[in-house]
Amino acid sequence: MAGETTGRTAVVPFRQFVLKVHSRCNLACTYCYIYAGPDRSWRTRPPTVPAATVRQTARRIAEHARTHRLPAVRIDLHGGEPLLTGPGPLLDQAAAVRAALPAGCTADFGVQTNGTLLTADIIDTLGATGFRLGLSVDGGTPGLNRRRVDHAGRPSWPAVSRAAGLLHDRPGVFAGILCTIDITADPAEVYGSLRALDPPMLDFLLPHANWSSPPPATTGRGPRTPYGDWLCTVFDLWWDGGPGPRVRVFTEILGLLLGRPSSSEAVGLSPVVAVIVDTDGAIEQVDSLKSAYEGAAATGLDVFHHTFDQALAHPGMAARRTGRDGLGDRCRGCALVEVCGGGNYAHRYRADGTGFRNPSVYCADLERLIRHIAARLKAEITPN
């Protein structure tokens, strides 16, 4: 059963399966932690996932769903850039998973894309089979996307702008926008330009950094909490701005403050429910760990020889499923631990032997944001 207990340990199965369908990208974003980071394992993997690997992955997902009696799973097709294959292979991959799933278990499919290859036909073809498409973009203007260039240094914005318009006209397919924070960009301009694209959801992502590889623009003089300040500005614009997109980091924190569990690894103490399968069939932890060091996401497992239940028991996976007990002393004693949850696991790394048992490198920024949101929420619900 999903959530069954063995002894005193609750078994929380995977519910999100991220399948790498292409290990290359047609962009060379200047801040990319995959292709410009310390982990170079992508170089030795097949550029595209073989059909046999997809079929075996589908069998493993079905096995996991059957074992834990899951009523639904989420399948995200990622890269690299997944649309480098065109839509046909994505449809075949979805069909393989659907055909393998046990009766009573459904699958929701998503694709996260940089948008440069999207056309109306591709969107309509994928949408007709139930896919939802997420767009990665740094803002709604050419200048805000200056870091998102192709391998020749040419801007991606003209193609991405066209893709955003196409998705806007197909709201049933548009999943939302992921935006990596650039604190040198004006937060009001970023939020306003993204809101103008009218996505159903926005998620602002802290750049993947850690204590041994600090976040951009946080050394030397400047504010103590530049990322927290940036996000607080955006929160106020969102909170005071009337109907607009759901902003995931804000709704997650609000929910945690009100006693709901988290559904994101960015905050909260809920156990991780996502697992990665790379183009060679390797079972890995979340990609963000690749920003720490070579092999940080590796488990040594693969879909041909191992089950997803074996992946659940892997020490790296287990470390991210123990809640408060998996945190260092400073985090366990913090008044905000139930909301912050220590922050993103990858952001805790320090190459001094302590590994991931540290507060987030964004600890002060997260505290700034959480306390600001809590104050705004309290003012809203406290009678005059």
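In the predicted model, Trp239 is partly exposed, with a relative accessible area of 24%, where buried denotes under 20% relative accessible area, exposed over 50% and partly exposed the range in between (1.4 Å probe, protein chains only). Residues are numbered from 1 along each chain as its sequence is written. Because the model is predicted, local features need pLDDT of at least 70 and side-chain atom pairs count only at pLDDT 80 or more, whereas totals for chains, interfaces and linings use all residues, and side-chain values use heavy atoms, with hydrogens and water left out.

The structure holds 15 aromatic pairs, a pair being rings of Phe, Tyr and Trp (its six-membered ring) whose centres lie within 6.5 Å, classed as stacked for planes under 30 degrees apart, edge-to-face for over 60 and tilted for the rest. Among them, Phe235 and Trp239 are stacked, at 5.3 Å centre to centre and 25° between the planes. These two residues are four apart in helix α6 (residues 226–240), and therefore separated by about one helical turn; helices are DSSP runs (H or I, at least four residues) and strands likewise (E, at least two), numbered from the N terminus. Phe235 is buried, at 0% relative accessibility. Phe235, Trp238, Trp239 and Phe250 form one aromatic cluster.

Tyr293 and Tyr349 form a tilted pair, with 5.1 Å centre to centre and 40° between the planes. Tyr293 lies in the loop between β11 (282–284) and β12 (298–302) and Tyr349 in the loop between α11 (337–340) and α12 (363–381), so the pair ties together parts 56 residues apart in sequence. Tyr293 is partly exposed at 33%, while Tyr349 is buried at 13%.
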